[in-house]
Amino acid sequence: MATGRTHRPATRSRGIPEATVARLPLYLRALTGLSERSVPTVSSEELAAAAGVNSAKLRKDFSYLGSYGTRGVGYDVEYLVYQISRELGLTQDWPVVIVGIGNLGAALANYGGFASRGFRVAALIDADPAMAGKPVAGIPVQHSDELEKIISDNGVSIGVIATPAGAAQPVCDRLVAAGVTSILNFAPTVLTVPDGVDVRKVDLSIELQILAFHEQRKAGEEAAAAADGAHQAATRRGDSAEQGPDGDVPAVMPA
């Protein structure tokens, strides 16, 4: 099987928009679930709902792949799985190194989804000498002194950084200098990389803060709705108090 060093996906050369590329994994996840249930075809509406997008956007995205489906039948699930996997570069082997084997790095090493999606954890690397040789997820941890040799020996082009923030940039610099051209960064810091190197940042605290914003907004909307309901009820009670026994507004008596 080919390695990531000599083969790269063709999305950029084919002019597929980055927004579409970002949605392809969502489609692939939904399609994989359908494939596992032996569903042969799926409509754009069904697949869009499963992926969390609207059907018009899905059809536009698939047009970039040259896949338009069949009217009245829908899309062939297995063929779409192959198309998207090929476009994302998942029909080949991508060796990955994880640098920083603390709690998060160990959790990533134990994640079973890498292998099933075309990624092979080639090495686990940590700067702590006490970690050297310790098996994590069945893979012995190697010391960071060996980083460059490990990358060269395994043909690695994708690196995962799970170090503390202060160590992330030096680790990034070493990865890039050794030939890594794509980095997934879990460290809570912004990395500086040269042109030609892609960085994807995963910051769990930022995601939680965004969720907290939405929770606060929902709570504010609920409180406002409750206050509005109470005001309307009070207004109705006031109107009733001003009416006579038969519901009519009493006549104003002259002074």
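Asp 61 and Arg 23 form a salt bridge in which the closest N and O atoms lie 2.7 Å apart. This pair links distant parts of the chain, with Asp 61 in helix 3 (residues 55–64) and Arg 23 in helix 1, 38 residues apart. The model is predicted, and the structure holds 7 salt bridges. Three of these, including the pair above, are described here.

- Arg 23 is placed in helix 1, which spans residues 18–36.
- Both members of the pair, Arg 23 and Asp 61, are buried.
- Arg 23 has a relative accessibility of 17% and therefore counts as buried, the limit being under 20%.
- The side chains of Arg 23 and Asp 61 are also joined by a polar contact of 2.7 Å.
- Neighbours within four places in sequence aside, the contacts of Arg 23 are Val 53, Lys 57 and Asp 61.

**Glu 45 and Arg 59**
- A salt bridge brings together the side chains of Glu 45 and Arg 59, at 3.6 Å from N to O.
- Distant parts of the chain are linked by this pair: Glu 45 belongs to helix 2 (residues 44–51) and Arg 59 to helix 3, 14 residues apart.
- Glu 45 is partly exposed, at 47% relative accessible area, and Arg 59 is likewise partly exposed, at 36%.

**Glu 148 and Arg 174**
- The side chains of Glu 148 and Arg 174 meet in a salt bridge of 2.8 Å, N to O.
- Because Glu 148 lies in helix 7 (residues 147–154) and Arg 174 in helix 8 (residues 165–177), the pair ties together parts 26 residues apart in sequence.
- Glu 148 counts as partly exposed at 34% relative accessibility, as does Arg 174 at 29%.

Notes:
Residues numbered from 1 in each chain as written. Predicted model: local features only at pLDDT ≥ 70, side-chain atom pairs only at ≥ 80, totals over all residues. Heavy atoms only, no water. Helix = DSSP H or I, 4+ residues; strand = E, 2+ residues; numbered from the N terminus. Buried < 20%, exposed > 50% of the residue type's maximum accessible area, 1.4 Å probe, protein only. Polar contact = N/O pair within 3.5 Å; in protein donor to acceptor, adjacent residues only side chain to side chain. Contact = heavy atoms within 4.5 Å. Salt bridge = Lys/Arg side-chain N within 4 Å of Asp/Glu carboxyl O.
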